[in-house]
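User: Please take a close look at one part of this structure: the aromatic side chains and the nonpolar cores around them. Keep it brisk.

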Amino acid sequence: MNYGIIPPLVLRRYSCKITDWESLGGKWPDGIDGNDLKVVRNKDGRLEVFMVGNDKVLYHRWQTKPGGSWNPTWESLGGKWPDNSDPVVVVNTDGRIEVFMVGNDNVLYHRWQTKPGGSWI
């Protein structure tokens, strides 16, 4: 899958000592900044990152355990979103993540997990 031509998203993980930056891979649109990605904490403490790729598809990636490594690849949540569209991501009171996006038709869309840490509708 072609995500674009700019450098991959990079994060910094802190522990008792300062560590090196770890690449999360992917290629993202020009001009991306911290406002373009969303990070939430799953019910079990794992972090999950959401971003719209250069191909205008929404992607996410998550830790495999709290404070641990990340799943191997970015997973598509689909859609073809307008330029400069950013996801709004929330965690429901029961721990399920829900994502909201405004489409090219100016209609609000959303997807959600079927259970905390589960598959997506």
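Analyst: The structure holds four aromatic pairs. Note that this is a predicted model.

Start with Trp28 and Trp74. Their rings sit edge-to-face, 4.8 Å centre to centre, with 75° between the planes. This pair links distant parts of the chain, 46 residues apart. Trp28 lies in the loop between strand S2 (22-25) and strand S3 (38-41). Trp74 lies in the loop between strand S5 (58-62) and strand S6 (75-78). Trp28 has 1% relative accessibility, so it counts as buried. Trp74, at 7%, counts as buried too.

Next come Phe50 and Trp120. This pair is also edge-to-face: 6.0 Å centre to centre, 75° between the planes. Phe50 is in strand S4, while Trp120 is in the segment after strand S9 (108-112). They are 70 residues apart, and the pair links distant parts of the chain. Both residues are buried.

Ring pairs also join Tyr59 to Trp28 and Trp74 in a cluster.

Now the cores. Phe50 and Trp120 belong to the largest nonpolar core, which has 11 residues. Among the other members are Val52, Leu58, Trp81 and Met101. Strand S4 (47-52) and strand S8 (97-102) are the elements that give two or more residues to this core. S8 provides the largest share, three residues. A second, separate core has nine residues, including Trp28, Met51, Val57 and Trp74.

Finally, Met101. Its contacts beyond four places in sequence include Val52, Leu58 and Trp81. Met101 also touches Ser85, Asp86, Pro87, Val107, Leu108 and Tyr109.

Methods. Residues numbered from 1 in each chain as written. Predicted model: local features only at pLDDT ≥ 70, side-chain atom pairs only at ≥ 80, totals over all residues. Heavy atoms only, no water. Core = buried A, V, L, I, M, F, W, Y, C linked by side-chain atoms within 4.5 Å. Buried < 20%, exposed > 50% of the residue type's maximum accessible area, 1.4 Å probe, protein only. Helix = DSSP H or I, 4+ residues; strand = E, 2+ residues; numbered from the N terminus. Contact = heavy atoms within 4.5 Å. Phe/Tyr/Trp six-rings, centres within 6.5 Å; stacked < 30°, edge-to-face > 60°.
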